[in-house]
Amino acid sequence: MAFDPAHLDRTAHEHAAALRAGDYTATALTEATLERLRQQEHLNAYITLTEDLALRQAQEADARLRVGEGGPLTGVPVGVKDLLSTRDVRTTAGSRMLEDFTPVLDCTVVERLNAAGAVTVGKTNLDEFAMGSSTEHSAFGPTRNPWGRDGQGNLDRVPGGSSGGSAATVAARGVPLSLGTDTGGSIRQPAALCGVLGMKPTYGRVSRFGVVAFASSLEQVGPIGRDAEDVADLLQAIAGQDQMDSTTAPVPVPDFKERFARGLDGLRVGVPAEFFGEGLDPAVRQPVEAAIDAMEAQGATIVRDIALPSVRAALPVYYIIAPSEASANLARYDGVKYGFAVTDGLSAEDEMARTRGEGFGAEVKRRVMLGTYALSAGYYDAYYLKAQKVRTVIRGEFEAALEQCDVIVSPTSPNTAFRFAEKLDDPYAMYLNDLYTIPVNIAGNPGLSIPCGFADGLPVGLQLVGRPFEEATLLGVAHAYEAIADWNRQAPPPVGTQG
Amino acid sequence: MTTQANVDYNVDYNVDYEAVIGLEVHIQLKTRSKMFCSCDREYFDTEPNSHVCAICLGMPGMLPVVNEQAVAYTIMAGLALGCDIPTHSKFDRKNYPYPDLVKGYQISQYDQPFCLGGKLDIEVDGEPRTVHLERIHLEEDTARLLHRDDGAEAYALIDVNRSGSPLMELVTQPDMHSGAEASAFLHKLRRTMRYLQIADADMEKGQLRCDANVSIRPRGQEALGTKVEVKNMNSFRSVQRAIEFEIERQAQVLAEGGRIVQETRGYVDATGVTVSQRSKEEANDYRYFPEPDIPPTVLDEATTQAIRARMPELPDARRARFESEYSLSPDEARTLTDSRERSEDFEAAVRAAGGGLARPVALLFIGEVARHLNELGQEAELSETPVTPAHVAELAGLLERREVTGTTAKEVLAIAFETGEMPAAIVEARGLKAVSDEGAIDEIAARMIEANPKAVEDYRSGKKSAIGFLVGQVMREAKGRADANTVSSLLRKRLDSGS
């Protein structure tokens, strides 16, 4: 059963159909996938490739497929962000601090992925502890975006972040699906910059158990893929309440494809002015507006008089709440129990301080300091408490807006993929990348970025935001949009062994 | 601690000071599992680091799941102490770095604890007093540091078994005025916890830990003096002595014209003094903020009522009932209700003995039974011996029917504690039945008068106490099986009549 490498460009559901039909085996698919990932090594999309594990899982998948037990993910290669704990596979969080840390158990999401028969090929690169929007803040070097080349034909653009590795490997047709995490846009923004789909589910929809924590009240694990059906299948596998995560919601999990037949007719699409203001690159605005027009042409009603006035405060709110939570979440990395440790210090305190000093990168230190400051005696009321109050207001505004419409659309990011080092020394410019995605984490609603065109040869993403636990609506819209525009099927030029 | 520069020439050196004391008490709850994971909670006498998991080790990505039993126990304590149980409460993170704190923060409760207010009535030197409570909250215990010094270097080992155990913190108002009051409060508190069976509260085992805030002020003054926090006490006795020392020390500082420094002082058991540990300036800023991994708790009235319904009768109520129901003196009732188990054993024996025997049963429990138990240890209970309430009941019946004498009863009980045999069987097998035949006793009396002319002469010459010697002689001859009153009256009858 020879495997044609061209099949690697297929989506997960196409693979699933072929596997069930016996066109090729999961083992053949996995071997070819691993071969391609090795060829694409210079993308630096993976921190760790788990070849032996993947082949073992492929054999198990084949056994299931032989007896007709295959599901939509059985035998399908999936990349897993290296923030998700994997048993016996090192989980670095992109940090020197956890360079050699091997978890003793799988996170719930990976456990569910395994139960679905997926083949996990490796741990994808990310900004350290998911703090960043370019994957440049990884202790393992930046990931390259398969789109965008300089005059010499070298890949010179960031993939976005923090789930840059997960987005880049899906865009480069390394794997059809991957898992990312999204705290302020870390799935949607890299999906947009790499020309693929990425969803942040509703807060509480997916378990965080075993996901290395950055900002607990904001983050969710979510799927990255190349069409709505794949994203729905992966979300289906990981969603649902988890006894190990008290913040997962006791909400039934629907069939995430239940709205695929509905189309766009009668859909009320909210277009808030706040997401189209200053800072938006006109080259990005153009394809986004075109996508809205295309939806209208398909029978959608465009609702422009919705108001989200407080989203202008979302960025400052985020940069108080997220670093505050991070300052506590990262306090456990002290060199005492596991991970990187300085052991020749003058005292226990000295060793702890030097462990952090040497183990954490600059962006992590910046956020830990921000959060520590915001929570300090005398500042708590002015910063953290006020931020929580504004958060409640923002959540209320989304709720009200989504009474007037079924989805809110906006650009996912105000710009396309930028060049390496372009924003590395300007944290605020970097933070502005998440201007449109952060409010959705603040509110807790689901958000989905879908490809909607190109600007100067680089992908542009359209963000869809829905009511809490209505991911199916967003996926239905995405599916309908794919029928009228094939942006999601545009592939970057093949990534050879040399960019 | 006393600096001459601070001498206040307005200080009245003969002023009468009043001490003001508040306590912070930590009590380990006797739950099956730990506070946030399913590990066995017991750590006393366990192999170090044997009761641990990824959660209580603070591994990356691990999440807490609240132990419902610990919450129920805390609310039960609150109900027993007359606290308000607010409908809404939450957990918070208390941030501070220390090697025994695996996450770098402790999950505790800051501004919305499970229990508010409340009081405990105590008695000191026969005087009733009331100690009011501020609050009771629930938190997790830390790991244990075992300090070692092998000569070459000093280091600490960490035992994580205790990490994440449920710990209830109770804070009193500054209502106490002496070490004796603090000690009485702790005794009563421990008894209440044991009645509720939610904690053993053994201070020597670290199951109850107590810090004292001590200040003094001129008697009659409203404003509180500068408070000093005293730590490191490991018994009720050391709490009392530490407070007494601290009051004395502060009075002396003031008498010498010094000022009290707000600080933390440690009690040194060996020397009975407190020594300065750290001043207020070095105090931690804990940067509390709401725990994002645990949704706020909402307790409805039904839940609280269900917990209340499971509560046993408490010591004060039981004591009052014993006094009226069994016609006991306050002291007798107090002794019998000192521990829940003893009070229940007593009532079981009363029931087994049948009507009308409460008093002899009570006297046995307060007297001989208590004496035997005390020999086994300060807190020994009947269940640790072969003797059951049925034994005591049967013995009380034998006494009441004068089938054994008081002397024989002691002997019978001693045998029962040794062998577990029932009292009637012991009496039967060993021929210990009381001699009830007056003729037989009178015959022995006649022989003893005959054999002891000196005592007879003394008696007749007015030294009436000489009869005691003769009673003893008759009792010895009757092997304790004669009733002392009967012996005495028969002897008197013979001596006074001149025969």
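## Interface of chain A and chain B

In this predicted model, the contact draws 36 residues from chain A and 30 residues from chain B. The two chains bury about 2,600 Å² between them, and 64% of that area is on carbon and sulfur atoms. On the chain A side, the residues that lose the most area to chain B are Ser246(A), Ala328(A) and Arg332(A), which together make up 21% of what that side buries.

One salt bridge is counted between chain A and chain B. The side chains of Arg208(A) and Asp293(B) form a salt bridge, at 3.0 Å from N to O. Across the interface, 10 residue pairs are in polar contact.

## The chain A side

Helix H9 (314-329) and helix H11 (362-375) of chain A are the elements that give two or more residues to the side touching chain B. H9(A) supplies the largest share, four residues. By residue type, this side of chain A has 20 nonpolar, 11 polar and five charged residues.

## Cavities

There are eight cavities of 30 Å³ or more. The largest has a volume of about 130 Å³ and is lined by 16 residues. Nearest its centre lie Phe36(B), Ile55(B), Pro64(B), Lys103(B) and Glu140(B). The lining divides into nine nonpolar, three polar and four charged residues.

The second largest cavity holds about 60 Å³ of space. Its lining includes Gly184(A), Gly185(A), Ser186(A), Tyr318(A), Tyr319(A), Arg367(A) and Asp434(A). Four residues of this lining are nonpolar, six polar and two charged.

Key:
Residues are numbered from 1 along each chain as its sequence is written. Chains are lettered from A and ligands numbered from 1 in the order in which they are written. This is a predicted model: local features need pLDDT of at least 70, side-chain atom pairs count only at pLDDT 80 or more; totals for chains, interfaces and linings use all residues. Side-chain values use heavy atoms; hydrogens and water are left out. Contact means heavy atoms within 4.5 Å. Buried area is the accessible area (1.4 Å probe) that two parts lose on being put together, summed over both. A salt bridge is a side-chain nitrogen of Lys or Arg within 4 Å of a carboxyl oxygen of Asp or Glu. A polar contact is a pair of N or O atoms within 3.5 Å; within protein, one must be able to donate a hydrogen and the other to accept it, and residues adjacent in sequence count only if both atoms are side-chain atoms. Ala, Val, Leu, Ile, Met, Phe, Trp, Tyr, Cys and Pro count as nonpolar, Asp, Glu, Lys and Arg as charged, and the others, Gly among them, as polar. On a 1 Å grid over the protein atoms alone, a cavity is a set of points where a 1.4 Å probe fits but cannot get out, and a pocket is an open set with protein on both sides within 12 Å along at least five of seven lines; lining residues have an atom within 4 Å of a point. Grid points are joined across faces, edges and corners, and a volume is the space filled by probe spheres set on the points.
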